[in-house]
Amino acid sequence: MKLQLIDYLVIAVYFLFVVTIGYVLKKKIKTGNDFLMSNRNIPLWITSLAFISANLGAQEVLGMAANGVKYGLYTVHFYWLGASLAMIFLGVYMMPFYYGSKARSVPEYLALRYDEKTRGFNAVTFAVMTVFSSGISLYALAMLLKIILGWDFNMSVFLAAGIVLAYTFLGGLTSAVYNEVLQFFLIVLGVAPLVIIGMDKAGGWQGIVQHVAEAKMHVWKGMASASTNPMGVDAFSLVFGLGFVLAFGYWCTDFLVVQRAMISRNLNEAQRTPIIATLPKILMPAVVIMPGIILLALQSEFKGFELPVNAAGELDYNMALPVMLSKLYPNGILGVGITALIASFMSGMAGNVTAFNTVFTFDIYQSYIKKDASEKHYLYVGKATTIAGIIISIATAYVARNFNSIMDLLQLVFGFVNAPLFATFFLGMFWKRTTANGAFYGLLSGTAAAALTHGLTMAEGKGGWLANWHTFYSGTGQAFTIAWIAFVVCFAVTVLVSLVTKPKAEESLVGLVYSLTPKQKDAAKVWYKNPLILGLIILVITVALNIIFF
Amino acid sequence: MKKLLDLRFVIGLFFLLVGGLLLVYYLLNTDITQTSLNLKCGSVFVVFGMSMVALSYFSKIEEE
């Protein structure tokens with residue numbers, strides 16, 4: 001892939017814009033709250049697009065095109081099953097507690113609902129995971145630029161890290177959120193032409209259906225058994241593991257995404273943020289998965305669309321989107337496509353860094369190091385944490401370069417932490433009897449159960465570091481099973497320990513637990529401002545899409 | 001931080017610039033084998049950019 005001056009100009013315009021956004025916003029930031037929470041002053045359309053853009057990082061953009069090649073249409077489960085219901089549930093049922101409790105972060109809600117040790121556990125694991133995820137985004141970006149553009153690894157790492165540092169340090173969370181929205185439009189408008197011309201070349205939808213294996217052109221067919229679908233997953237693991245535990249664990253408890261709704265101007269907008277975001281989310285497969293499926297059709301029709309092999313001698317599915325860009329885009333729009341990829345990496349990194357600095361400042365520094373300092377002091381701490389987060393990210397990028405397995409390990413540990421966390425939140429919000437000790441020991445047990453399941457099972461050569469009791473058809477199937485086992489263990493231990501320990505007084509749980517919180521009267525609102533009605537409409541659309549592509 | 005930078009204006013300006021670049025590149029490119037993709041995408045970007053800038057402008061007038 002050879003870029004020309006026009007492509008570099010497009011990339012330069014993007015870099016100029018992101019840094020300028022940070023610079024302009026800098027003048028408006030006076031306090032730690034402005035820097036870390038955007039002073040809860042962001043309009044609904046921005047929070048909604050930022051909500052899905054926070055998840056639209058490079059792993060998503062490259063990874064879903066790769067899954068499109070591997071699994072075909074089945075990949076849409078990550079959207080239609082693994083996102084929509086959880087996002088609607090967050091908006092309708094959970095956001096009133098996050099926003100209404102005035103908590104500034106997800107760990108802070110845990111402190112209000114349970115106690116400091118549960119908050120500390122979540123804050124530390126989340127902070128470590130986010131800053132390492134940021135480093136992995138940086139590593140992946142540098143590798144991509146090296147492979148497809150021939151750029152030097154070190155230069156790519158420091159250039160990308162420097163730009164992310166510039167705009168997050170200057171404009172804080174607002175700057176990160178603004179850039180996420182710009183990135184959203186850049187990805188949609190930069191990749192959509194690829195889908196249109198790719199489909200045209202493949203002979204339209206009929207051409208795709210004709211040239212892609214029938215087994216990859218369904219969503220639910222063959223899900224009765226793990227051996228009869230390309231994902232290697234059975235319906236129970238898919239629905240319970242992905243659709244319930246992983247989806248709800250990620251979308252309802254991961255502060256990186258929840259933070260985008262928590263900075264809304266009022267509770268109603270905070271509730272509608274994830275619900276409105278669901279609409280573009282369920283349509284996103286057209287942009288991020290379709291390039292992979294179109295590639296499959298083009299491979300059977302034309303020469304030159306083959307995927308390269310990686311160092312292990314296996315097909316490098318992550319190169320699906322870059323291959324499509326290089327084969328179908330001329331210089332000019334190619335620069336836009338490459339910029340969209342760079343934007344997704346940098347935005348993913350910035351999202352992690354801004355979530356990290358908020359959790360570190362509010363949930364670690366303010367809680368355990370310096371309690372009653374001035375707003376200005378926390379602003380300095382937030383800024384210093386941003387620099388520290390970027391430095392750790394750079395270090396992680398180099399560690400990942402030398403030890404590739406660290407990426408698998410971190411992804412795995414992230415799953416270990418998120419899956420049981422949903423049980424902790426679910427019980428905490430909907431069962432007033434749940435105690436602080438129940439939550440803490442439930443979380444520990446769930447995480448341990450996840451690690452144990454991974455140690456006793458294998459898939460695609462991974463896991464089984466204790467013994468091999470079972471071999472899964474795919475790594476995806478193993479991940480879904482680990483998730484639901486972690487959830488069930490956390491749920492059961494939390495209930496059992498709660499039953500033998502003393503709960504908090506009911507008056508201290510008002511605004512934190514469903515049954516003890518006065519219900520809002522939504523009846524007078526117009527339909528498009530009613531979270532429940534909006535959620536139901538989007539749910540009907542999601543079900544219809546599942547039926548159409550069954 | 002009472003009044004924030006209008007993001008519609010920023011996004012609009014970005015796509016106006018990028019769309020403009022694609023159009024200029026298409027017009028200046030003498031390679032007869034070039035496809036019209038830059039022309040089509042550049043035009044869409046310019047129209048989208050102008051719409052976002054217009055939205056920002058009219059909402060500002062409404063506020064005043």
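Predicted model: local features only at pLDDT ≥ 70, side-chain atom pairs only at ≥ 80, totals over all residues.

Author: Residues are numbered from 1 along each chain as its sequence is written, with chains lettered from A and ligands numbered from 1 in the order in which they are written.

Reader: OK, which residues of α22(A) are buried?

Author: Pro531(A), Leu534(A), Gly535(A), Ile538(A) and Thr542(A). Buried means 20 or more other C-beta atoms within 10 Å of the residue's own, exposed means 12 or fewer, and C-beta atoms are placed from the backbone. Helices are DSSP runs of H or I, at least four residues, numbered from the N terminus.

Reader: And where do they sit around the axis of α22(A)?

Author: They fall within an arc of 95 degrees seen down the axis, so they line one face of the helix. The arc is taken from the directions from helix axis to C-beta atoms.

Reader: What's on the face turned away from the buried side of α22(A)?

Author: Exposed residues: Val540(A), Val543(A), Ala544(A), Ile547(A) and Ile548(A).

Reader: What covers the buried residues of α22(A)?

Author: The cover includes α5 (77-80), α6 (84-100) and α13 (267-283) of chain A.

Reader: Switching topic: how many residues of chain B are in contact with chain A?

Author: 19 residues of chain B are in contact with 27 of chain A, contact being C-beta atoms, placed from the backbone, within 7 Å. On the chain B side, α1(B) gives the most, with 9 residues.

Note on methods. Contact = placed C-beta atoms within 7 Å. Helix = DSSP H or I, 4+ residues; strand = E, 2+ residues; numbered from the N terminus.
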